[in-house]
Amino acid sequence: MSTAVRPAPPRTRLVALLTSTDHKHVGLLTGATALIFFALGGLLAVLMRTELAQSGLQVVSDEAYNQLFTIHGSTMFYLFASPIAMAFALYLVPLQIGASQIIWPRLALLGFWLLLGAGVFMYSGFLLQGGAGKAGWFAFDPLSDDVGTPGTGQDLWTLAVILAALSGILQAACVLATIVRRRAPTMTMLRMPVFSWSALVSVLMVVTSYPALVLAMTLLYVDRTTSAAVYDGAMGPIVYQHLFWFFGHPVVYVVFFPFLGAVAEAIATNSRKRFFGYPFMVASLLIFAALSMAVWGHHMFTTSAIENRYFALTTTAILVVAGIEYFDCMGTMWRAKIRMRSSMLFALGFLALFLIGGLTGIFVASPPLDYHVHDTYFVVGHFHYTLFGGTVFGMFAGIYHWFPKVTGRLLDERLGKLHFWLMVPGTLLTFIPMFVLGHDGMTRRISNYAADRGWDGLNTLSTIGSYVIAASLLVFLVNLLRSLRSGTVAGDDPWDGHSLEWATSSPPPQHNFDELPPVRSYAPLMDLREERWRS
Amino acid sequence: MSLAVDTARQYEDLFDLYWPIAVGVMAVIWLGLLVLAVRYRRREGDETWPEQTHERPRAEAAYVALLAIIAAVLVFFTFTTMGSLTADLPAESASGAGQPDADPSETPAAAITVDVVAARWNWRFRYRGLGIEQVGGGRSIPTLVVPVGDVRFSATSLDVIHSFFIPYLRFKRDAFPERRTNFTLGFRKPGFHEAEGRCAEFCGLRHAYMNFHVWVLERDAFRRWVRARQGRAPQELTPALDRDGRRR
Amino acid sequence: MKRVVSRGSGVVLIWALNLTILWAVAWAIFDPDAMTVALGAWMAGSVLVWAASAWWRERRAGRPSDEQPLTIVDASHATALLAIAIIAALLATQFGPWLAYISAGIALVAAGGLVRERRAARASLEQVRAAGREERPT
């Protein structure tokens, strides 16, 4: 079927694309699906912010608002962030480690289809009587059981989460097995680029933590649809929270690490220096990922049911490994000649904004501080700086960096910079007021607040900020569509890249490489350059 | 007066340790990023490659040690604070709940115990041994009336998970069905806090409105209130406010 | 150490040891509840099992090399059908057993398709091997 001529791959038809087991196609499909859900989840967020701009109810009812934040959170985690992290890993890891294809390609494809099913299930709730899921993205039992939240919408939500979790496990298993078994012969683990390392720790966490979510949700579904009362009794709700957060905390790192890796690649490439402190970075990623498996209890500080001290210790210890990441990223920029492309700007935005989330994370890691700010807007501000300031900024750094490799065309730099310079003030304006509001006692998941609290002004600011973010994302959408059609042709290696994916064509051929350059370090293309300088 | 438990004070003290460190770190890193981005920016037309320095293991190890020290300091003070918070008692299941566990660090002043019962979407406060019950009505929210000093609480829920939150005391605890969560709170000054208490755990449709007033009385005034309150209808003798805080 | 970290299974093992230490700290120094202990044991234990299985496969298959021919699977309709069967089976719990029968039917077709794909892959691998023998007579 495929021809031997390289540069112009045949235009793939939809059915062929939807059944393709090429890791690049599965990665693209998963990524595109995730981005569509990102847009939908964002739309829900804008609706929520519009409702919250002022005290009182103006736009939606209490009932509808509960659906909005439930589906917003669920979309962003289950249908956007986790899938896009897997999409980046599926597309890029085989290229970076010099593999011609992944192990278990059918499972990866199956993962994409299950994700599609999850999305349809979750959103079809809006069309049903009683509406979509409305027990929060965490769906604590007993609120989420058939008495607490009856209705088909909530049933479908539960099934959707099971499907999304299975999808993540399948795709992560493919990436993990590929890294372990399909590296190019000279690609030892310690020669893997930083992004591949970050993807590795991410998929390790997926296969360890997501099964707990599948278990929690399956039991919940049985509880909802049969007469069995799985989570009843004094311990039931606690067991549910343990299972959920055993997934629910690792997932925030699952969706963080790959984009930390993307940022590392963007900084190294744009600085025209190989990444700084590689052994420290690798060690810190492994320890970071292990620690973040053991911090789930900090979501349960106010339950009086767990050993708060242990989880306070593990959570605070994360600042050490996270600090190494900052040192290495900044070390890479030190004495460099930095090209300020959009990918670099988003990488810098990632470092600057994630920092706010990271530092406030140290606050909420301390139980006595968490007793006050838990379930308030302080926490909402905190995790939006990790997930939006971190994950989303890192994702855009990655998209601007790898778009030419994937499509063969460059994204427009001027629109990219406009996108960035709108998104940064938008992010500050939206989420900074939340710290003040939360500290003042504004609780989460409320559609309404009393006028005499004095919260109107800050909420209005936050809402304006969310519109600015929406505008910046529209700029990106325009850039994306324009560049796909008529962007400048990129060539194989437009950025003077460091890792193997830049040694093949853009987009890469089905078997990825016609010829692999020698691999002697984590930046094989830099090795070649240095050889040329020496000779 | 001295309180055995002063959650607000403990919170503020710990917060005052954390925030200068956080602000300091943030200033250093933001400034560092700015300096790096400006100082090592590629000049127009410069196509040369920079010097390839890519490790400084000693500096990095020293930096890691510094971070570890910061983490250790924060954990130490967090643990110290937790040690003085008598709220950190293990929960017991409701079936076995007679009196809450005796807490050695509690002063005898903590004479009264309030059983907090949460149910969608209102609160009920039962004063143990006093025969008093404060309940919210259809349009009104209840008032938690307490004397100045330490008060014991034992919270539970009749349906889903709720969370008993008094923002000005910087404290909340979850209330579970079939479980009791015990904690002690110290009330420093008398005063009326309108709709200050709220439910912090999402509990469904009217979660946003599940609030309560907090009314702190001097000890004598509280005794008078108890005497007058005993045998009366629940809604009387508390400031009558509707849900929006207006006096009826 | 460097030799251990250079192998895929070595890295997974190191990660498993990290998790074991964290679990041991909880267990030995603190006073965790039963669920914390159980989940900690799962995270350390399951990763240890994966490390062992990766190590076993590495040993059995030797180092990955260019020499081994690989079949590249380019498409799988059966996988898509299987996904539809799974989704239909889940929906059957809401809308009644009739959907479960349909799902089972689709799953059967999908299984047949998977078997056919596997056979085709094996056949093409044989072809490549045969061609390889012809090219490099020993």
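User: What does A:R274 form a salt bridge with?
Analyst: A:R274 pairs with A:E530, the closest N and O atoms being 3.4 Å apart. A salt bridge here is a side-chain nitrogen of Lys or Arg within 4 Å of a carboxyl oxygen of Asp or Glu. This is a predicted model, where local features need pLDDT of at least 70, side-chain atom pairs count only at pLDDT 80 or more, and totals for chains, interfaces and linings use all residues. Side-chain values use heavy atoms, leaving out hydrogens and water, residues are numbered from 1 along each chain as its sequence is written, and chains are lettered from A and ligands numbered from 1 in the order in which they are written.

User: Where do A:R274 and A:E530 sit?
Analyst: A:R274 is in the loop between helix 9 (257-271) and helix 10 (278-293), and A:E530 is in helix 17 (residues 524-534), 256 residues apart. Helices are DSSP runs (H or I, at least four residues), numbered from the N terminus.

User: Are A:R274 and A:E530 buried or exposed?
Analyst: Both are buried, meaning under 20% relative accessible area; exposed is over 50%, partly exposed in between (1.4 Å probe, protein chains only).

User: Switching over, what about A:R445 and A:D375?
Analyst: Their side chains meet in a salt bridge at 3.0 Å, N to O. A:R445 and A:D375 are buried.

User: And A:E63 with A:K134?
Analyst: That salt bridge is 2.9 Å, N to O. A:E63 is partly exposed at 30%, while A:K134 counts as buried at 17%.

User: How many salt bridges over all chains?
Analyst: 26.

Definitions and conventions: Helices (H or I, at least four residues) and strands (E, at least two) are DSSP runs, numbered from the N terminus.
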